[in-house]
Amino acid sequence: MTTSDRPDKGRTVSSRAGWVAFVFFVVVSFAALILPDHPGAFYGAAFLRFQLEVPIMALVLLVLPRRVATVAAILFAVAVFTLLFLKIADIGVQSAFQRRFNPYLDMKMLADGWNVFSGTLGAWKAGLALGVVLAGFIGLLALYFGAERRLIRLSTAQKRGPVIAALVLLVIGVALNFVETPVRAEMKALAYLGNRLALVQKSVADMQRFERDLAAADEVASGSDLFAAIRGRDVILVFIESYGRSAVEDPLYSPVTAPRLDNVEAELTEAGFAAASGWLVSPTMGGLSWLAHGTFLSGLWTDSQARYDRLMISDRQSLNNLFRQAGWRTAAVMPAITMDWPEASYYGYDEVFASGDLGYRGKPFNWITMPDQYTLSAFDRLVRRPARAEGKPLMAEIALISSHAPWTPVPTLIDWNDVGDGTVFDSQAESGETPQEVWSNRDDIRDHYIRTIDYSLQTVGDYIARFGDDAVFIVLGDHQPAPVVTGPDASRAVPVHVISRDATLIEHFEADGFTPGMIPAPDAPETGMDTMRARLIDIFGQTAGPAM
């Protein structure tokens with residue numbers, strides 16, 4: 001018996017322990033390799049696959065010299081558990097954003113995922129759940145590598161049985177390619193890892209293209225005459241969280257949303273406003289709202305965190321900053337911002353009103369810091385009135401968040417005179433089901449989602465009708481909600497509404513493809529959200545007659 005064939009002195013492995021290690025290694029390897037990587041792929045036939053890599057890996061550990069086998073064991077453990085991590089990440093990202101997990105772009109999203117997860121379950125429960133998952137993953141990896149080491153340390157005689165078993169599995173796998181059976185043999189692990197590496201390489205190339213886009217000359221010439229058609233008027237950009245095309249057209253939601261939009265249109269018409277609506281394709285879905293904000297305001301397609309981060313340190317003129325240079329006072333009202341927001345410097349705001357600056361003294365609606373009605377009331381009191389007193393028109397960007405997951409409790413509109421410091425909303429904040437109760441039933445999730453959208457639309461419409469004056473409002477969704485709400489393969493488009501008492505201005509938008517009223521036509525074109533900066537500059541710069 002050579003040194004490489006006999007067990008280490010003092011660390012012998014029994015035949016029974018060897019068989020246990022072999023079975024554990026095979027079962028875990030098969031489980032990791034056949035695990036689907038998409039939430040829609042969890043059905044019986046998806047698991048009827050035989051991964052030829054498993055018996056081959058077992059034979060490598062059992063047959064090769066100990067030192068070589070040890071190196072192989074490390075590589076196998078890293079590969080198998082990297083594959084397992086990527087598949088689990090794929091399932092999560094596909095569920096939320098309908099795309100694969102991209103290690104190059106998505107690792108920065110972990111903190112944001114934690115914010116949503118902890119906001120839904122509570123920090124203590126979320127931390128415990130995350131700790132259990134991490135401990136389980138690391139523990140399984142340790143056990144797996146331990147099983148590999150046991151197989152390597154078996155004596156030649158002890159290896160005979162596992163070697164035969166591995167050869168039998170390999171023969172069965174090869175035979176499956178020549179017989180008709182529901183089970184199919186395949187070797188796709190390396191291809192899966194290779195595709196992910198190719199995705200990372202593609203993302204690096206994409207960032208290089210984005211660098212070229214940023215370096216290209218911006219054709220917009222800033223100046224005081226840039227927005228001549230709306231000189232002296234407030235321009236108010238309102239993003240409604242998770243307000244997507246599905247909310248308007250999906251048969252599950254249109255019975256709620258269509259009547260609401262009709263009611264809003266009637267209320268606006270009575271108050272002297274006209275509206276035109278269209279569809280915009282968002283760069284994101286299910287979350288990452290800031291990508292939509294960045295895309296809309298920069299005029300550059302910003303569909304990843306890497307692109308967004310690069311945009312934030314660029315010299316690209318935001319729409320906000322163009323208004324600022326043309327003589328408007330610029331402000332951001334961001335009730336979801338609870339920490340430092342260094343990216344604000346890119347946009348060119350004169351003032352930023354984050355959650356703590358809005359004076360809300362009421363209770364939060366779970367993750368939602370304040371209801372939309374309070375946000376708009378505070379905006380009017382803290383931002384719009386002071387701008388009027390200063391004698392300057394206002395360009396404001398507002399993010400409304402009542403329709404953000406977990407969509408409970410659902411706020412209700414009250415008399416605007418009663419809003420005060422927000423404590424009037426305490427009873428609403430303490431009502432309704434808990435996030436855990438809502439998210440235990442898909443029908444409840446969908447019901448609460450559309451009720452919050454209905455509330456946001458009602459609130460915005462009522463605010464404009466009552467307090468809009470001669471301002472120009474652009475109201476749009478930031479993105480579609482997660483597939484649990486929309487179903488798979490939903491459009492990434494969101495509604496956009498332009499509302500003003502200037503009928504001629506609205507005619508310009510209609511000539512540009514918008515539909516009269518608050519409901520976009522089903523066959524209206526879906527254009528990228530990145531096109532709106534140039535379109536607004538063009539239409540707001542026209543002085544007479546509809547655009548042609």
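Me: At roughly what angle do the axes of helix H2 and helix H7 cross?

Reply: Some ground rules before the case. This is a predicted model, where local features need pLDDT of at least 70 and side-chain atom pairs count only at pLDDT 80 or more, while totals for chains, interfaces and linings use all residues. Residues are numbered from 1 along each chain as its sequence is written, and side-chain values use heavy atoms, with hydrogens and water left out.

Now the general idea: two packed helices are described by the angle between their axes and the distance between the axes. Here, helix H2 (residues 53-63) and helix H7 (residues 156-175) have axes that cross at roughly 155 degrees and come within 9 Å. Helices (H or I, at least four residues) and strands (E, at least two) are DSSP runs, numbered from the N terminus. Axes are lines fitted to C-alpha atoms, for helices over the stretch in contact, with angles running from 0 to 180 degrees between N-to-C directions.

Me: What orientation do H2 and H7 have to each other?

Reply: Roughly antiparallel, therefore, is the label for H2 and H7. Angles under 35 degrees count as roughly parallel, over 145 as roughly antiparallel, 65 to 115 as roughly perpendicular and the rest as oblique. The crossing of H2 past H7 is left-handed (the near helix is turned anticlockwise from the far one by less than a right angle; clockwise would be right-handed).

Me: Which residues make that contact?

Reply: On the H2 side you'll find Pro55, Ile56, Ala58, Leu59, Leu61, Leu62 and Val63, and on the H7 side Lys159, Pro162, Val163, Ala166, Leu167, Leu169 and Leu170. Contact means heavy atoms within 4.5 Å. By class, this contact has 13 nonpolar, no polar and 1 charged residues. Ala, Val, Leu, Ile, Met, Phe, Trp, Tyr, Cys and Pro count as nonpolar, Asp, Glu, Lys and Arg as charged, and the others, Gly among them, as polar.

Me: How does helix H1 sit against H7: within what distance do the axes come, and at what angle do they cross?

Reply: Helix H1 (residues 15-34) and H7 have axes that come within 9 Å and cross at roughly 25 degrees. That makes H1 roughly parallel to H7, and the crossing is right-handed. Ser15, Trp19, Phe22 and Val26 of H1 meet H7 residues Gln158, Gly161, Pro162, Ala165, Ala166 and Leu169.

Me: What about H11 and helix H21: at what angle do they pack?

Reply: About 40 degrees, with the axes of H11 and helix H21 (residues 532-540) 6 Å apart. H11 and H21 are therefore oblique to each other. Phe296, Leu297 and Ser298 of H11 touch Met532, Arg533 and Leu536 of H21.

Me: On to the backbone. Where are the cis peptide bonds?

Reply: Most residues other than glycine have a negative phi, and most peptide bonds are trans. In this model a cis bond joins alanine 405 and proline 406, with omega about 15 degrees, and a cis bond joins threonine 408 and proline 409, with omega about -5 degrees. Proline 406 sits in the loop between strand E7 (394-400) and helix H16 (426-429), and proline 409 lies in the loop between E7 and H16 too. As for phi, leucine 288 is not a glycine, yet its phi is positive, about 60 degrees. Leucine 288 is in the loop between strand E4 (274-281) and helix H11 (289-298).

Me: Last one: how many cavities of 30 Å³ or more does the structure hold?

Reply: There are 3 of them. On a 1 Å grid over the protein atoms alone, a cavity is a set of points where a 1.4 Å probe fits but cannot get out, and lining residues have an atom within 4 Å of a point. Grid points are joined across faces, edges and corners, and a volume is the space filled by probe spheres set on the points. The largest cavity has about 40 Å³ of space. Its lining includes Val264, Leu457, His497 and Met518, and H18 gives the largest share, 4 residues.

Definitions and conventions
1 Å grid on protein atoms, 1.4 Å probe; cavity = no way out; pocket = protein on both sides within 12 Å on 5 of 7 lines; lining within 4 Å.
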